[in-house]
Amino acid sequence: MAVPGGSGEKDDFSDIVDYIMLTSSERVKYREGVGRVHPVIKNKVYSGKNPTLGQLKGLKLRKNSTLLEHFHYQISQNELYPVGSSLIDAVLHEMITEPITHVAQKTGGTQLKLIIDYENGMQALFKPMRFPREQQTLPNHFYFTDYERHNAEIAAFHLDRLLGFRRAMPVTGRILNMTTELYQKADGDLLYTFFISPSDNMCFHGKCSYYCDTSHAICGHPDTLEGSFAAFLPPSKIAPTKAWRHPWRRSYHKRRKAQWETDPDYCQLVREIPPYDKGRRLLDLMDMSVFDFLTGNMDRHHYETFKIFGNNTFTLHLDQGRAFGKPFHDEFSILAPVLHCCLLRQSTLETLIKFHNGPVKLSEAMRRSMKKDPVNPILWEPHLVALDRRVEIILKAIRDCITKGENPAAMDESTVIVKDD
Ligand SMILES: Nc1ncnc2c1ncn2[C@@H]1O[C@H](COP(=O)(O)OP(=O)(O)OP(=O)(O)O)[C@@H](O)[C@H]1O
Ligand SMILES: [Mn+2]
């Protein structure tokens, strides 16, 4: 296999491309040569059938069904929507333009979120803008005390789609008139938290366990407010979700570490436990690790799947509020699942190589994809630069997995990643 490009030369990862081209028996031979037990690159293991929610539940669209209901019915065992689905733009357009009839707080979760009801019966999950795009995660904040960023939700949806996962619900930005579209549409406890600030801006703070008080109020200019609108999941009476504890969950404690942070054999443990022992689930967690590493999201404590599709179904990418907080720092620990298991789905690897080699880099694809959003630019430029940098980091890690055996030393992040070829 070719030795990757020398100093100064652009690394096109042609060695990985060569590896992908090998037949499966050639790959096995190669693996045995370097002393690796597990395959590093795996093809999708989908069964031929891919039923939709509509088919399984025998749901029929009515004349007055909303576009979002259309969307819900076509959610399938493998993905939220098919490649190039025209429903996405249509759903985004409605979330931007439909009149809002009611707003209420979403209970559960730690930070403020509103459920938006639209005139046509559709619903969205709203996260308000708190800070300008350039605001970074505060240096003394943990991943679990970081403020949520509405623009991270928007950007992450675009990224999920560009990476070919299609596991994130469509999200758009929208600018609201707080007086007519929030205050006048709210009731109960939420309504009582609205006030006018000393500089005559309209503010509210809602009720929740983090940052829902007068000193952390969300304020308009003077009553104009930007936020993210995520298309609502299907109602739980149609498609209940199951929340799974993420095996690589962090400790959520300011002094404690999780087992995976100290146990070098942790992945081996996970591989043997259902549902990670067969089917697509472990590969989906690898994708999630890539996705979260690219966005810098350390807050993946749980993930959800639709119960109706059983275990061999995709993992939803929900809750990106704490992504895109530190553009100048690459958090390798988010990549721990991939580094420790040395595993990646082949299609994900091919997508990363495609973006790395261009001509359209991931940053540019993101710029183009987000261009139509009403609150564009969605991301501060350094976050886009970080995406391209992180793609290369992941590819280097995979190269190390391919070229090295199951040597525990190779599991060490410093030797796997920060090695200049
Ligand atoms: N698009 C959506 N439509 C409907 N429900 C959603 C949507 N996205 C997330 N939820 C649900 O809302 C709950 C809270 O959402 P989210 O995780 O974004 O909030 P959070 O405040 O960050 O929660 P936590 O503090 O537990 O991380 C989730 O458990 C999820 O099931
Ligand atoms: Mn969260």
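1. Start with Glu-148. This residue is found in the loop between strand S4 (123-128) and helix H6 (150-162). Helices (H or I, at least four residues) and strands (E, at least two) are DSSP runs, numbered from the N terminus. The model is predicted: local features need pLDDT of at least 70, side-chain atom pairs count only at pLDDT 80 or more, and totals for chains, interfaces and linings use all residues. Residues are numbered from 1 along each chain as its sequence is written, chains are lettered from A and ligands numbered from 1 in the order in which they are written, and side-chain values use heavy atoms, with hydrogens and water left out.

2. Is Glu-148 buried or exposed? Glu-148 is buried, at a relative accessible area of 9%. Buried means under 20% relative accessible area, exposed over 50%, and partly exposed in between (1.4 Å probe, protein chains only). Not counting residues up to four places away in sequence, Glu-148 touches Gln-111, Lys-113, Lys-127, Asp-319, Gly-321 and Arg-322. Contact means heavy atoms within 4.5 Å.

3. Now the record. An unreviewed UniProt entry lists several residues under "binding site", among them Gln-111, Lys-127, Glu-148, Ala-230, Leu-233 and Asp-319. UniProt positions are given in the numbering used here, feature names are shortened, and annotations may be inferred rather than shown by experiment.

4. Next, ligand 1. Of the 16 residues around ligand 1, Thr-110, Lys-113, His-301, Glu-304 and Asp-319 come nearest. Here, a residue is near if one of its heavy atoms lies within 4 Å of the molecule.

5. A polar side-chain atom of Lys-127 lies 3.1 Å from an oxygen atom of ligand 1. For Asp-319, a side-chain N or O atom is 2.9 Å from an oxygen atom of ligand 1. Leu-233 uses its backbone: an N or O atom there lies 2.9 Å from a nitrogen atom of ligand 1.

6. Ala-230 is found in strand S9 (residues 224-231). Ala-230 counts as buried, at 15% relative accessibility. Residues that Ala-230 touches include Met-95, Gln-123, Ala-124 and Pro-170.

7. Last, a sheet. Strands S6, S7 and S8 form an open sheet in the order S6-S7-S8, with antiparallel pairing. Strand S6 (195-196) and strand S8 (218-219) stand at the edges with a single partner strand each, so one side of each has no neighbour in the sheet. Two strands pair if DSSP finds at least two bridges between them. Two bridges join S6 to strand S7 (residues 202-204). Ile-196 has Met-202 in S7 as its bridge partner.

Note on methods:
A polar contact is a pair of N or O atoms within 3.5 Å; within protein, one must be able to donate a hydrogen and the other to accept it, and residues adjacent in sequence count only if both atoms are side-chain atoms.
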